[in-house]
Amino acid sequence: MKKWAASAVGITLWAGITALASAQGIYTCVDKHGRRLTADRPILECLDREQRELSPSGVTRRQIGPSLSDTERAAQEAQQRKEAEERVRVTEERRRERALVARYPDKATHDIERNAALLMVDEVTATAEKRILDLRDERKKLDQEMEFYKKDPNKAPMTLRRKIGENEDSIAEQQRFILGQDQEKRKVNQRFDVELAKLKVLWEAYKPVSLPAASATQPAAASAAR
């Protein structure tokens, strides 16, 4: 009876040792001298290179990357941040693209907004042109007053001469403003042209997938057969 109990204890102990050995990994690598090393724990000689952890049956459990220096780790983290920023940028770009397509589902909608933007510029220009007409009317009145001093303009009152100078400056300012609005119209058209080129690509990319004609006719054919 005692011999049987000792034998049972031995079997149990051996099973535990076997299970522990099975659970323990085998590490292998090729060091910088080209030697293949094997150990039951991560190999110090291969900290600067890749190691493999094998199961007792020889199957690779995992690959362990080389340990990095502080400089290498900092470079790796910087690269990871750069990749993360790029992913965020791409996600934001996709969001803007979807918003653009939602705002302009077709060219007609885009043309309407282009024309509205150009109309705003035209309205501002028309206001400046009207201001020039008003200033020229004022100048006619000032010129009539100057008729009294035609023989010697230097005798004209300083107030009158100042008003004529201010009138000329105001007309020149409005003319410069109108030229600026012409440039603004070109910028508006350029912006919408660039946007339209991008939209043409997006409309194609986001175009709904239409069902094949055959699939649409199948229900009708089935109904006719019944």
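Predicted model: local features only at pLDDT ≥ 70, side-chain atom pairs only at ≥ 80, totals over all residues.
**Entry 1: Ser-55**

I started in the loop that joins strand E3 (51-54) to strand E4 (60-64), where Ser-55 sits. Is Ser-55 buried or exposed? I found a relative accessibility of 11% for Ser-55, so it counts as buried, the cut-off being under 20%. Next I looked up its side chain, which makes a polar contact of 2.9 Å with the side chain of Ser-57. Leaving out residues up to four places away in sequence, I noted that Ser-55 touches Ile-26 and Arg-61.

**Entry 2: H3 and H4**

I then turned to helix H3 (residues 107-146) and helix H4 (residues 158-205). Their axes come within 9 Å and cross at roughly 170°. Angles over 145 degrees count as roughly antiparallel, and H3 and H4 therefore get that label. I also sorted the residues of this contact by class: 19 are nonpolar, eight are polar and 16 are charged.

**Entry 3: the largest nonpolar core**

Which residues make up the largest nonpolar core? I listed twelve: Leu-100, Val-101, Tyr-104, Ala-117, Leu-118, Val-121, Val-188, Phe-192, Leu-196, Leu-199, Leu-202 and Trp-203. At least two residues of this core come from each of helix H2 (70-103), H3 and H4. H4 gives the largest share, six residues.

With residues up to four places away in sequence not counted, Val-188 touches Ala-117, Leu-118 and Val-121. A friendly reminder to myself: in soluble globular proteins, nonpolar side chains tend to be buried together.

Terms used: Residues numbered from 1 in each chain as written. Heavy atoms only, no water. Helix = DSSP H or I, 4+ residues; strand = E, 2+ residues; numbered from the N terminus. Buried < 20%, exposed > 50% of the residue type's maximum accessible area, 1.4 Å probe, protein only. Polar contact = N/O pair within 3.5 Å; in protein donor to acceptor, adjacent residues only side chain to side chain. Contact = heavy atoms within 4.5 Å. Axes fitted to C-alpha atoms, helices over the stretch in contact; angles between N-to-C directions. Parallel < 35°, antiparallel > 145°, perpendicular 65-115°, else oblique. Nonpolar A, V, L, I, M, F, W, Y, C, P; charged D, E, K, R; others polar. Core = buried A, V, L, I, M, F, W, Y, C linked by side-chain atoms within 4.5 Å.
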